[in-house]
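Here is a friendly briefing to read alongside the model. Have the viewer open and follow the topics one by one.

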Amino acid sequence: DAGPAARPQLWFDGALADVETLQADLTTHAMHYGSGVFEGIRAYATADGAAVFRLPEHMERMRRGAVLLGMDFDVDAAIEAVLATLRANRHRDAYIRPLAWFGAGGFGLDVEGHPQHMMVSTTATRVHLCGARATVGVSSWRRNPADSLPPLKLCGAYVNSILAKRESKARGFDEALFVDRDGYVVECTGANLFAVSGGRVTAVEHRDALPGITRDTLIALTGAEVRPLTLEELLAADEVFACGTAAELAPIARIEDRGYGDNPVSRELAALYGRVIRGHESASAAWLTPV
Ligand code: PMP
């Protein structure tokens with residue numbers, strides 16, 4: 001085992017390079033207007049070496065965002081870029097951040113004439129599956145409505161999450177929960193939500209929520225029911241958990257002043273998800289891309 005690469009490598013516009021040698025222009029369009037799209041993906045150490053969890057699905061979601069912004073995007077090339085970066089950095093457990101964005105070319109909003117760039121950054125991660133139980137505040141901010149900003153990983157869209165996160169932290173919570181004007185639960189700032197009642201698992205459905213790949217995985221594994229849920233129903237549930245690539249499956253300790261118990265079903269599902277991502281379940285094979 002050679003350990004991590006001595007000089008961290010980053011994929012930039014078709015080739016690997018030392019991280020320190022790369023710079024971005026300060027007039028970069030995406031930096032001013034949020035005209036970029038990214039993904040958050042994870043690789044895990046399995047018995048057969050490192051493998052990326054649901055890589056094609058992540059890249060397909062990124063492609064949808066890129067097309068919306070008017071970018072060219074090749075899913076297969078993006079997959080190869082991710083694998084090449086992981087190999088170069090000799091990562092096993094890793095968080096992977098691809099980003100496609102419009103670069104320098106003037107301050108007009110029109111993206112035409114701006115060069116398109118692509119990078120892939122990978123960082124070694126410690127797995128925090130089922131780690132600290134989060135406390136969650138209900139945000140006074142509304143989630144970006146899908147008919148204003150579709151729920152894709154567009155850079156600018158995340159200002160909405162940043163505002164909600166800032167507010168919740170200032171109020172002493174770890175995370176924020178978005179609820180729409182009719183009282184329906186949308187999602188957290190970077191994770192989807194599930195409720196458990198009487199042993200029955202329900203995935204929150206909302207048109208403004210990102211179609212999460214972890215959520216999709218858990219629905220496939222559990223046969224969870226999928227439907228809209230009001231905040232009232234979430235507060236009345238036995239257990240609530242958030243899920244996402246980074247959060248994995250995170251049982252929630254408290255929403256506002258409603259505390260939950262020790263979340264036995266959530267913890268059991270977290271353990272199942274932990275086995276799936278490491279290749280220990282029959283369902284794993286179809287979802288893991290060897291590095
Ligand atoms: N919602 C938002 C807003 C997110 O940023 C994320 C993280 N990508 C998720 C949900 C969870 O999605 P996934 O399971 O695909 O990581």
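**Strand β15 and its surroundings**

Two bridges join β15 to strand β16 (residues 258–259), and the two strands run antiparallel; strands pair here if DSSP finds at least two bridges between them. Please keep in mind that this is a predicted model, in which local features need pLDDT of at least 70, side-chain atom pairs count only at pLDDT 80 or more, and totals for chains, interfaces and linings use all residues. Residues are numbered from 1 along each chain as its sequence is written.

**The partners of β15**

- Ile-255 stands opposite Arg-258 in β16.
- The hairpin of β15 and β16 has two residues between the strands, and Glu-256 takes a positive phi near 50 degrees there.
- Strand β14 (residues 239–244) is joined to β15 by four bridges, and this pair runs antiparallel.
- Ala-242 stands opposite Ala-250 in β15, and β14 and β15 form a hairpin with three residues between them.
- Strand β8 (residues 134–138) runs parallel to β15, with three bridges joining them.
- Within that pairing, Ala-134 has Ile-252 of β15 as its bridge partner.

**How covered is β15?**

- Six of the eight residues of β15 (residues 248–255) are buried, so the strand is mostly covered (buried means that 20 or more other C-beta atoms, placed from the backbone, lie within 10 Å of a residue's own).
- Across the chain, buried residues make up 42% of the 291 residues.

**The whole chain**

- The chain has seven helices and 17 strands, taken as DSSP runs (helices are H or I, at least four residues; strands are E, at least two) and numbered from the N terminus.
- Its radius of gyration is 19 Å, close to the 19 Å that the globule rule gives for 291 residues, so the chain is as compact as a globular protein of that length (the radius is taken over C-alpha atoms, and the rule is 2.2 Å times the number of residues to the power 0.38).
- Along the principal axes, the C-alpha atoms fill a box of roughly 55 × 50 × 30 Å.

**Around the ligand**

- The ligand is surrounded by 13 residues, and the closest are Gly-212, Ile-213, Thr-214, Gly-244 and Thr-245 (a residue is near a molecule if its C-beta atom, placed from the backbone, lies within 6 Å of it).
- Helix α5 (residues 213–222) gives the most to this shell, with three residues.

Terms used:
A residue is buried if 20 or more other C-beta atoms lie within 10 Å of its own, exposed if 12 or fewer, and partly exposed in between; C-beta atoms are placed from the backbone.
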